[in-house]
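User: I've got a model open and want to look at the ligand. Can you walk me through it?
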Amino acid sequence: MSTVRRPDEAGLAAAVALLRDGGLVGLPTETVYGLAAVLAPSAIAGIFALKRRPADNPLIVHVADAASVPVALGRMTPLATRLATVFWPGPLTLVLPAGDAVPRAVTGGLDTVAVRVPDHPVAVTLLRALGEPVAAPSANRSGRPSPTTAQHVADEFGDAVGVVLDGGASVIGLESTVVDARGDEPIVLRAGAITLEQLRAALDTDVVGGQVPTNPDLRASPGTRYRHYAPDCRVVLTGADDLAAVLAELHAADAHVGVVAATSTPVASGVRVVARFDDAGALAQRLYAVLREAESSGLDVLVVETVGEDGIGRAVMDRLRRAAAG
Ligand code: TXA
Ligand code: MG
């Protein structure tokens, strides 16, 4: 029997019961699907074991609303409160000084905790019904593309996740932006769905002193150190101008090739087009599904056209580079 459940009353009740019992639930969010557990050490251990996640890579805690961040969980700094007012519910994760009630297994041993309010009706309804936060990393094995449908989660983990709530395809398709909000200025630790442009616009730049620094290596989120988002076929990135030449070369080498290109870029007939996209946002929404499709259809190489590194394009290129490095 499939573990994918409709998020009706019975499905939600089954998810709540499983969570209270220390089990794992596949949780839809607007970014990607999460693998949720309550903040109890044994339940958290289940997440790390199933994902084969390094113990020093901390998890994001999900709450129903900003009022559900008690000091025992984390301390909302003035900057955090300001950012939460603008961006919650939504794909912004705030790194805060951790409270005493957070198991250090959740924080990867750090004295900080990452928190966000997901912008998805099923996630929020579940959190309210449960009445406590859940920790939820993306519901993929470490290093693999993140899941953006309930079926992706079921494909990845089978029966090991007793309930996967089906909330439809994730509308954003790419993970939240992780921001260190402990000081006076935000430090972006992981590029994501909330763009630098949005952060700059939301903050009084006179107060933060201009530029929002992005991902300085030493302060990056632990998770960004690892090889990530990679399907088990080769991923090659190329600009629109070189696409034809790259495809011709791979074709000459007899590789089984697929391509993901902008709608406006010509692709030679005979090349398998895996997806077309109109802009970086559209590519973001389909990116992980496309990577999964490339491997399930047995491609040797997936050629992906690059996008500009502004707006959500920054996070798209971050994920694509990691996928290509795998
Ligand atoms: O959109 C998302 O953020 C999704 C959905 C499910 O909410 N979750 C997600 O979780 O992407 P995960 O575990 O795949 O990525 C969490 C990232 C990792 O890079 C981790 O290192 C970082 O957040 N992180 C978590 N806690 C942190 C902390 N205390 N300090 C710095 N980085 C932290
Ligand atoms: Mg992840």
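User: Which strand gives the largest share of the shell around ligand 1?
Analyst: Strand 6, with four residues. This is a predicted model: local features need pLDDT of at least 70, side-chain atom pairs count only at pLDDT 80 or more, and totals for chains, interfaces and linings use all residues. Residues are numbered from 1 along each chain as written, chains are lettered from A and ligands numbered from 1 in written order, and side-chain values use heavy atoms, without hydrogens and water.

User: What counts as a strand, and what as near?
Analyst: A strand is a DSSP run of E, at least two residues, numbered from the N terminus; a helix is a run of H or I, at least four. Near means a heavy atom within 4 Å.

User: Which residues come nearest to ligand 1?
Analyst: Of 27 around it, T31, N57, H62, S176 and G223.

User: What about the side chain of N57?
Analyst: One of its N or O atoms is 2.7 Å from an oxygen atom of ligand 1. For S138, that distance to a ligand oxygen is 2.8 Å. The protein covers 97% of the 680 Å² of accessible area that ligand 1 has on its own (Shrake-Rupley method, 1.4 Å probe).

User: New topic. How much space lies in the largest cavity?
Analyst: About 70 Å³. A cavity is a set of points on a 1 Å grid over the protein atoms alone, where a 1.4 Å probe fits but cannot get out; lining residues have an atom within 4 Å of a point. The volume is the space filled by probe spheres set on the points, which are joined across faces, edges and corners.

User: Which residues are closest to its centre?
Analyst: A191, G192, I194, T195 and L196, of twelve lining residues.

Key. Polar contact = N/O pair within 3.5 Å; in protein donor to acceptor, adjacent residues only side chain to side chain. 1 Å grid on protein atoms, 1.4 Å probe; cavity = no way out; pocket = protein on both sides within 12 Å on 5 of 7 lines; lining within 4 Å.
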